[in-house]
Amino acid sequence: MCGIFAYLNYNVTRERRYILEVLFNGLRRLEYRGYDSSGVAIDSDLTTVEGNRMGSPPYDAPPPLVFRQEGKIESLVGSVYSEVDAMDINLEEPFLIHAGIAHTRWATHGVPSPRNSHPQSSGAWDEFLVVHNGIITNYEVLKETLVRHGFTFDSETDTEVIPKLAKFVFDKARDGEGMVTFSQVVKEVMRQLEGAYALIFKSSHYPNELIACKRGSTLLLGVKELSGETSGTLFHDVKALTTNGKPKELFFSSDLCAIVEHTKNYLAVEDNEVVHIKDGSVSILKFDYGKEKPASVQRALSFLEMEVEQIKKGKYEHFMQKEIHEQPHSLTTSMRGRLKENGVNLGGLKDHLKSIRHSRRIIFIGCGTSYNAALAARPFVEELCGIPVTMELASDLLDRQGPVYREDTAVFVSQSGETADTLLALEYALENGALCVGITNTVGSTLARKTHCGVHINAGCEIGVASTKAYTSQIVVMAMMALAIGSDRISSQARREAIIACLSDLPSKVTDVLKLDGEMKDLAESLIGAESLLVFGRGYNYATALEGALKVKEVALMHSEGMLAGEMKHGPLALVDETLPIIVIATRDACFSKQQSVIQQLHARKGRLIVMCSKGDASAVCPSETCRAIEVPQVADCLQPVINIVPLQLLAYHLTVLRGYDVDQPRNLAKSVTTQ
Ligand code: UD1
Ligand code: BG6
């Protein structure tokens, strides 16, 4: 969804072209989140811009250049360079200090169009410019008030009230006391706003300054010192680092992926903080609504444990392809340091295991693929922990206001840790007194910060919108969680040891199953023209059926349904004919014979069958020569979903490429859905 990027260079000369390229590159790093339009704002030189407007600006600084475009970032890039050329703006002009802002928008209020894109403006001369992630819930009331004060609105966005409100506050303060600082203006604006947001302000009244603030949405500050001796040190005092006048570059983003190639020193801005960059120094004020005056706070920078390679495609054509093939590695990093011979060590849970064991039930809560991962974990969590597990799609729990009690452990599963529905469900569970546990891939995410405890899945940055490696790592982490919770049960000691042994071997089994790539491409070729695809699973692999079908639906844009095989005869059987392709998951586990019977029933109705089975079982499970088999390595039954999903991920990938669709940014979808 929407993405923010800002770049400020201080005491280091950067040409206008360089600054633009840093901003464009930041936007490219945010692309994967999903967007439909984008924009940037940089400084001009007065003379060239004056020629394009009437009168002169109400400030001394050069007015900004604002560019906004619908569609892909490359169309913004093209239009910026041609406009700059037409305006005769010097791209080689150097700036010793400069503040630029940029944004990718995923439409919520108003269609994708240049006027609805960000930066949004205060009006003529762009005195205040704002990029915004999130939603302002009281924008209609604010708009009415501003219209009464003579403001006119150009966009349909909720965001436009923010820069206009800033101008209103600025004009009013200047008419009264004469002087007002940038942070005073922003603090007053923040006081009026309701909803969830991360904002960056740029203003020609405060040249070369940037202000960032947030409530709800994620915002990060990256700090890169250019003088050498302190860079690489893990923890700095943010103020000490940034008040020393040394040349530096500062970056704001809603996503670490846009920062990692510049610096690993970062700070996660917290709710109600106003971060002000002026003269190369960073000051942070924290709002406390009970108190009149916000307090100044000192924060330490964190060190980002992410490699630049993670945000590049390397030898692969698409991120989804890279992430599928990376799974032996991502699973290894998810388990690193956590598996012991007779048990597991999850640092994030060890102090809470006792409370979890005493809970009356475990509620798994998530959306999309993360929900499916939790569903895959449910059978073994029940088995190893002996605690009833219920499943909740986050939005449905909220719609129903389903009962959550103090005696419950609520486990929130989310790759991004920023999904709005999941976070709202978390707030709900916290209010109801449940112990809240997070399973997330994103260190520093809202989910990681707001849960009582949890486990980072450490799968590495996932960029393809369709989640693949995060899914398998989530299952493995939940398996380790179940082993840890159940570790006091003597009766299941042998079972736990067998699972632990299998976990250690899982990355090499995933390497084996990835060898099916060519076969899955052949299968995809035979399915290009199909209108629909069904996937039947049960037991441990009910989730695999749902997740495999979701992958095909998301990226290959083909109708696909995952179904519980036990329900087949209660409805879906009516769909079966010679044309509809049906994948049946029939790997060896307690449900094997039931699945064999499902295959027979489908065969009897001339179903177009594809069977996923354990290695060596093809001739036994395929009822005819026309039935295709996908043979996969066999692992412990409860971990089989980690293996079985891989061929289906490959199938979805190849189907998408063959059908000519966008693999990494499927139509209408966003990686991280930060609105309800
Ligand atoms: C931690 C370190 C890891 C280090 C290891 C060595 C972090 C992020 N992880 O990993 O770099 O190698 O110790 O001992 O610094 N948490 C939540 N909610 C969530 C996820 C996590 O509250 O959704 C909390 C955990 O309860 C824990 C902390 O975040 O307090 C870190 O969790 P995790 O990274 O899983 O812990 P370790 O594996 O111990
Ligand atoms: C979005 C993504 O809908 O959010 C899905 O497109 C994802 O791929 C879902 O599964 C949940 O996201 P998260 O980050 O909470 O796991």
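These questions and answers look at the surroundings of two ligands in a predicted model.

User: Which helix gives the largest share of the shell around ligand 2?
Analyst: This is a predicted model in which local features need pLDDT of at least 70, side-chain atom pairs count only at pLDDT 80 or more, and totals for chains, interfaces and linings use all residues. Residues are numbered from 1 along each chain as written, ligands are numbered from 1 in the order in which they are written, and side-chain values use heavy atoms, with hydrogens and water left out. Around ligand 2 stand 13 residues, a residue being near if one of its heavy atoms lies within 4 Å. Helices are DSSP runs (H or I, at least four residues) numbered from the N terminus, and the largest share here, three residues, comes from helix α11.

User: How far is an oxygen atom of ligand 2 from an N or O atom in the side chain of serine 414?
Analyst: Serine 414 is among the residues closest to ligand 2. A polar contact is a pair of N or O atoms within 3.5 Å, and the distance for this side chain is 2.6 Å.

User: Which strand gives the most to the shell around ligand 1?
Analyst: Strands are DSSP runs (E, at least two residues), and β19 and β20 each supply at least two residues of this shell. With four residues, the strand that gives the most is β20.

User: Which glycine has a polar backbone atom 2.8 Å from an oxygen atom of ligand 1?
Analyst: Two glycines, Gly348 and Gly454, are listed among the residues that come nearest to ligand 1. The backbone atom at 2.8 Å belongs to glycine 348.

Technical notes. Polar contact = N/O pair within 3.5 Å; in protein donor to acceptor, adjacent residues only side chain to side chain.
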